[in-house]
Amino acid sequence: MAERAGVRIDGNTLRLGDGVVVRFVRTLRLPERGTHPLPPGLGEFPLRRVADHADRVPQAWRARGGVLLPMYLREAMWLSFSGTAEPAALQVGVGKVCAVSGKPWRDTLARDPQNYLTLPRQPWLDGINSGKGTVRQFVAVPLGLGATVEGQVTGEETWGGVQLQAYGLRPEALARWRETQRARSAPLAGGYGAPPAFAAPAPGAAPRQAAAMGLGVGGSMRQEVYRDERPASDWSGTPAGRVFVHLVTPPEWGRITGEEPPPSPVDRAAYTRAGLPWFEHYDDQADDLSPADALTPVRPVGDWLGDDLDPWQQPAPGQVVPLKDAPGKPVADGDW
């Protein structure tokens, strides 16, 4: 497949098309029982292009192109779209299962059920759309156990990783939007949480073959996935960019890139005891999508990997902070 010019990597940021900005953020893993506030951001996952390490990745990864990032087993992440300034529709797949609708990945936008996020109104996404006004947290697991969203929804674990595809407005719709925004445009608020400084440990022993990783689910949190209020005809029929994001273990990251991986995740009980903030986000002018039928029964990774025995300390009321809306190298696309 010919390389698309619509995706670029700028440090740890992916830019799809002319305006969509995506960052992958490390965070605290929630308990798998109960519903919780939004966890904080604990720094960005590093991103590297597959093409820059083609001699150290599997052939299938070279064929799919894209980027790679390191995750620990049962580590959690959220996707930040802070910096996306103009309207865009973003499809998010986990193992080529839509994280919004629960349907198999498709290369076109759909409205019934909606299979994309509307940016910049949707400032971030922490998990799959599996509850009313809630999502279940993205958590890393290896393929082969059946614990991924892909495995539970499709019965197979073939793809793993994360898939992104962005669409902009048609020229006439974009011109209308720019005109209405000219007098009242304002910068978006940043994502929640601030990245701390990390001192990375040395990578572990490197296996010969890259271990395939995918996303399962963890705990539930209060977060809405917003319904698109635009006419479907406003969106372009051609994607502005798409990318496959491969997930690798920290030892594999060291072997492939020659770089030290991030340290292991922060202990959430220690974080809460220190009085550091958790978050709540609410937009009373947006309509939440209904839970996706295929995603509602997805079971947490603890059902495969054992109970979560980490202590949970409920944040004090004053720790939950209310929130409001808030150049680089080209990345090669591939066959997926």
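Before counting what each element gives to a lining, I noted my terms: helices and strands are DSSP runs numbered from the N terminus, and a lining residue has an atom within 4 Å of a pocket point. I also kept in mind that this is a predicted model.

**Entry 1: the second largest pocket.** I looked up its volume and found about 270 Å³. Its lining has 17 residues, with Asp18, Gly19, Gly168, Leu169 and Ala240 nearest the centre. Which elements give two or more residues to this lining? I found β14 (162-168) and α3. The most comes from β14, with three residues. Sorted by class, I get nine nonpolar, five polar and three charged residues in the lining.

**Entry 2: leucine 174.** Leaving out residues up to four places away in sequence, I find leucine 174 touching Glu86 and Leu169. I also took the C-alpha separation between leucine 174 and tryptophan 235: 9.2 Å, for two residues 61 apart along the chain.

**Entry 3: the cores.** How many residues does the largest nonpolar core have? I get 52, and Leu14, Leu16, Val22, Phe24, Leu90 and Leu164 have the most contacts inside it. Apart from this core lies another, of eight residues, including Tyr167, Leu169, Trp177 and Trp235. I recall that nonpolar side chains tend to be buried together in soluble globular proteins.

I then followed leucine 90. Beyond its neighbours within four places in sequence, leucine 90 is in contact with Leu16, Val20, Val22, Phe81, Tyr116, Leu117, Leu119, Leu164, Gln165 and Ala166.

**Entry 4: threonine 118.** Is this residue buried or exposed? Threonine 118 is buried, with a relative accessible area of 8%. I place threonine 118 in strand β10, residues 117-119. Setting aside residues up to four places away in sequence, threonine 118 touches Ala88, Tyr226 and Asp228.

Note on methods:
Residues are numbered from 1 along each chain as its sequence is written. This is a predicted model: local features need pLDDT of at least 70, side-chain atom pairs count only at pLDDT 80 or more; totals for chains, interfaces and linings use all residues. Side-chain values use heavy atoms; hydrogens and water are left out. A nonpolar core is a set of buried Ala, Val, Leu, Ile, Met, Phe, Trp, Tyr and Cys residues joined through side-chain atoms within 4.5 Å. Buried means under 20% relative accessible area, exposed over 50%, partly exposed in between (1.4 Å probe, protein chains only). Contact means heavy atoms within 4.5 Å. On a 1 Å grid over the protein atoms alone, a cavity is a set of points where a 1.4 Å probe fits but cannot get out, and a pocket is an open set with protein on both sides within 12 Å along at least five of seven lines; lining residues have an atom within 4 Å of a point. Grid points are joined across faces, edges and corners, and a volume is the space filled by probe spheres set on the points. Helices (H or I, at least four residues) and strands (E, at least two) are DSSP runs, numbered from the N terminus. Ala, Val, Leu, Ile, Met, Phe, Trp, Tyr, Cys and Pro count as nonpolar, Asp, Glu, Lys and Arg as charged, and the others, Gly among them, as polar.
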